[in-house]
Each structure stands twice: as structure tokens, then as C-alpha cells.
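Please look over the sequence and the structure first, then read on.

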Amino acid sequence: MVTFPYLSLITFLPILGMLIILFIPKTKELLIKSVTLVMTLLQLILSVILLSKFDYSLGGIFDPNSFQFIEKFTWIKIENFAWLGTVKIDYFLAVDGISAPMVLLTSIISVIAAISSWNINKMVKGYFLMYLLLDTGMMGTFVALDFFLFYVFWELMLLPMYFLIGIWGGPRKEYAAIKFFIYTMFGSIFMLIAMIALFFSTTEMLPNGQVIHTFNMLAMMNPDNYVKDGILSITNPNNLRLLAYLGLFIGFAIKIPMFPFHTWLPDAHVEAPTPISVILAGVLLKLGTYGIIRINYAIFPDVTYQLAWWIGLFGVINIVYGALCAMAQSDFKKLIAYSSVSHMGYVMLGMASLTVTGISGAVFQMFNHGTITAMLFLIVGVIYDRAHTRGLNEFGGLASHMPVYTGFVTVAFFAAIGIPGFSGFVSEALVFMGGFSSMITRILTIVGTLGILLGASYMLWSLQRVFFGKFNEKWQFMQDLDAREYTMLIPLSIIIIFLGVYPSAMINLMNKSVVTLIDFMSKNYTYLNALVK
């Protein structure tokens, strides 16, 4: 048990930044931006310290002693609450090897996006208040282990993202913001219903011997804690475990976004300002796959084994469909948006394999996609800030005029394609190895490899159209990168290359928890089947 509240500080430092900004006059824009940057930098420093103290030998998942940096106390407790009796909701934060990489990713992307936000000049105070609130919502979702608290953080992200797109976005910002809001709320309703069903189906014993219903995710992962013959009890022949699983899955699938729930993403990306596109692709999409691993897989291993092939199928559809859509785009930003749909399909395929290699590849791909796609959207932002257009066919020959910029573009594009030496190669290789080694997903994996060819096609074609060939004299005035843009792109390039050369730095972090997850799911699957028989 760790007494220093690392996770609370990492989660709520942005809220402190919001409180400070509230007392700063709106005319002092530089001070507002500086406070935001300082808070996100402190968050990143604490995340690095947390990882330096992380015990790689602990697995997490079911055993509460295996989670690290635990902070737990009673947040809400109501005695004799009508027919429910005692209602208790915990403030329960902790990390394991699956959530720790996401905490680091969120911290890194938050700093990069804060720097990218430096040229925001419209309603600066309101923008950065919403930005910091979004930061807290994202971080809290990755560290919460009480389902009620998880849901609070999940919904907390919706409001600031709606305003950040709807106020500071492009020409069709209102449409994109409403579409994002409606899609996400649609999924949240299913998640809320499933959460309530889990609450009424799960019990835990208090120190005084009293048995109460609970939102504790660890209690929900233990089949022995389910109410006998309750609606989610495996011993009830009429149980609704499949419906609860699908309700949660739809809520998370929309966030991934999984086909056919993906249509909000291109609109949101195209209309969002560059730093919000960076956060959307870099962090928010990972919340969907993280939620499936943390909640669906751990609480419903029996249903997961039944539906694994279907998860893999939709992953392959994402890979191929997203890549084909990307090939058809002439808007640089929309191409990157559809590439995210494709690359998140690799995560789903790795998850569906139900192997240590495949799920390790999936979690690693989540981190790598976050850094690579963040860099790609920053690259689009650089050219849009100068030319005020994202048309791929409107440029040409920029490599000779902006050589440094072209160098960073090449790093990001090759990493997205999965060229050896870059982080994307390792995670995709692990996904394919895990997928091919599993009888569930072997054929799907073979089909999914088409994504490599299609990805190379649209990325290299874009590189050719924008950076090679005859230089368009229309863009003679455009300058190469400035100091702010170097500050954003250099750290991401270093991370992408470092993890491509030395992937063990990240794989070792998550390995024990992934092994524990697979072992836990297998044992529980066998145990649940025995209960049914």
C-alpha cells in the first residue's frame, strides 16, 4: 500500500490548474497558457516518478494486493437507503501493467497538446478551462477501479470535448460536436444500464460483517460475489450476462471507434482544432479498448470466449475498411482520421486472440498509436497553419522547400506503416504473432495483414503527392518548423524510435499483468462452466 497519493495528484492537478485560471483575468492569455503547461508538465513528471517506482513483478487484475499505488476510501455512504439498505461508493484508484502505460501516454499527449494549443487566440480562458477538465476525465478513467467512479470520469470527458469541438472547431463544428455527443451518449446509456445490473448482482462484505451491493470492479470480477440466481449470475439459466456484455461493449466500441459506429470520428477530427485532434486520436480512442480489457474481459470471461471471433472479425473490418477509406481521401486530416480507424482494428485483433502475445501487442499498439497518430495530426496542423488548406493535391515538392518538416513527416509515416526500427512495427508484429498462434483468429489474422499493404499504399501515396515532384510556387512563402513545433515533434520522434529499437521498456511493464489477465480469464472460464454443469 502506497501512502503518497500519486494517482490523485496526477488526476486532479488539472483541476487545480482550472481553479488558478478562474482567478486570472481573461486578458492575460500568456499566463493562462503557462499555467496549463506547468500543470501538464507536473502531471508528466509525477507519471514518470510513478513508473520508476512500479513493481514489474505484480500482475494486477483480480488480486487487490497486485494493484499498485492504491488509494481507497469510502466516498459516498448512505445508511438505510430505502429498500437498498446501505449504499457505499468508494474512491478507489490503482494501476497495473495495463493501465500504467495509458497513464504515461495521457500525460505525454496532454503536454504536447498544451504546447500545440499555444496559438489558440479565441476565448483563451474558456478553452484552457475545458482542456484541463478533459485531461482530468481521461486520466481518471484509466485509474478508477470503482465502476461508479469510472463512469463519472467517463462522462466527465463528454462535456469539455463537446465544447472544444463546437466552439473552437472548423466550419462544420456544430454538426461534428453534436454527432460526437449523440454517439457517445448513446453508448453511455447502455453502459449505465449494465453498470446498474452489475451493482445489483454483486455483493461484498464490510469489516463489520454486513453484506451490501457494490460498484467495486474487483468484487465484480469474482464469480463468488454474485447474488445467487441473480440476473447476472452464471447459475441462473435465464441470466442476462450476454446482454450486459453487449451493452458495455457497444459503449466502448463507439469510443474505439469500431465499425459501424465509426462515422463520428472523421467529422470530429476534421472540425476539431489540431490539439484536440491530437488528444482525440492520441488518448480518447484508447479508452474504448482499455474499457473492454479492464471490464468486459475481466468480469465476463465466459462471454468473451464465446464472442472472441466476432471481436476479431470487426477488428479486421476496421483494418481493411479504414485503410480503403483513407486511400480515397484528398483531405490530409480525414486521411489520418481513417488511418486511426484502421490501426485501432489491430488492437481489436490482438485482443481477440486471447493470447499473451496478442493482448501484449494490443496494449503496446494502443500506446504506439497514441504517439504516432498524435505526431501525424501535429504534422497536418503545421501545414494547415501556414497554407490554410489540407488538400493533398494542392501541394507538391515541399521536401525541397521544408526539408526538416519533411524529415519529421517521414518518421511519422514510416512508423504508421510499421517499418522496422519504429515502434509501430513491434506492436503490429506482436498482434499478428498472437493472432496467428490462436485458432480463434488465425484466418482473420491472415486477412488482416492486408492492412499493412493498404497502409503503405495510402501513406506513401500521400508522401509522394505532398512532398515530392515539382514544387508548387504558390507556397513559396511557407517557412520550415519554428521552435514551438520542434518542441512538439522531437519528443514524439524520440519515443517512436526508442520503442522501435528497445520495445522491452514498454513490454516488460505490461507483461506480468497481461499474463495474469489471461490466466485469470482461463481459470474463471473453467470455473463458470463447472458451475453451469
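Two strands are said to pair if DSSP finds at least two bridges between them. This term is needed for the strands described below. The model discussed here is a predicted one.

## Overall form

The protein contains 21 helices and four strands. Along its principal axes, the C-alpha trace spans about 75 × 60 × 40 Å.

For a chain of 533 residues, a compact globule would have a radius of gyration near 24 Å; the protein has 23 Å, which agrees with that expectation. Of the 533 residues, 63% are buried.

## The strands E1 and E2

Strand E1, residues 68-78, pairs with E2 in the antiparallel sense, and eight bridges join the two.

Strand E2 covers residues 87-95, and nine of its nine residues are buried, so the strand is largely enclosed by the rest of the structure. In a regular strand, side chains alternate between the two faces of the sheet. Both faces of E2 are covered. On one side lie Val 87, Ile 89, Tyr 91, Leu 93 and Val 95, and on the other Lys 88, Asp 90, Phe 92 and Ala 94; all of these are buried.

## Helix H3

Helix H3 runs over residues 100-116. At 1.5 Å a residue, its 17 residues should span 24 Å, and because its end C-alpha atoms are 24 Å apart, the model agrees with this value. The helix is mostly covered, with 17 of its 17 residues buried.

## Phe 364 in helix H14

Phe 364 is placed in helix H14, which comprises residues 356-387. Its relative accessibility is 0%; a residue under 20% counts as buried, and therefore Phe 364 is buried.

Phe 364 and Ile 452 are 88 residues apart along the chain, and their C-alpha atoms are separated by 17 Å.

Ile 490, Ile 494, Ile 497, Phe 498, Val 501 and Tyr 502 make a nonpolar surface patch of about 580 Å². Among them, Ile 490 lies in helix H20, residues 483-501.

Is Ile 490 buried, partly exposed or exposed? Its relative accessible area is 37%. Buried means under 20% and exposed over 50%, so Ile 490 is partly exposed.

Methods: Residues numbered from 1 in each chain as written. Predicted model: local features only at pLDDT ≥ 70, side-chain atom pairs only at ≥ 80, totals over all residues. Heavy atoms only, no water. Expected span 1.5 Å × (residues − 1). Buried < 20%, exposed > 50% of the residue type's maximum accessible area, 1.4 Å probe, protein only. Patch = residues over 30% accessible without salt bridge, like charges linked within 9 Å, V, L, I, M, F, W, Y side chains within 5 Å. Areas by Shrake-Rupley, 256 points an atom, 1.4 Å probe, with all protein chains shown as cover. Salt bridge = Lys/Arg side-chain N within 4 Å of Asp/Glu carboxyl O. Rg over C-alpha atoms; globule rule 2.2 N^0.38 Å.
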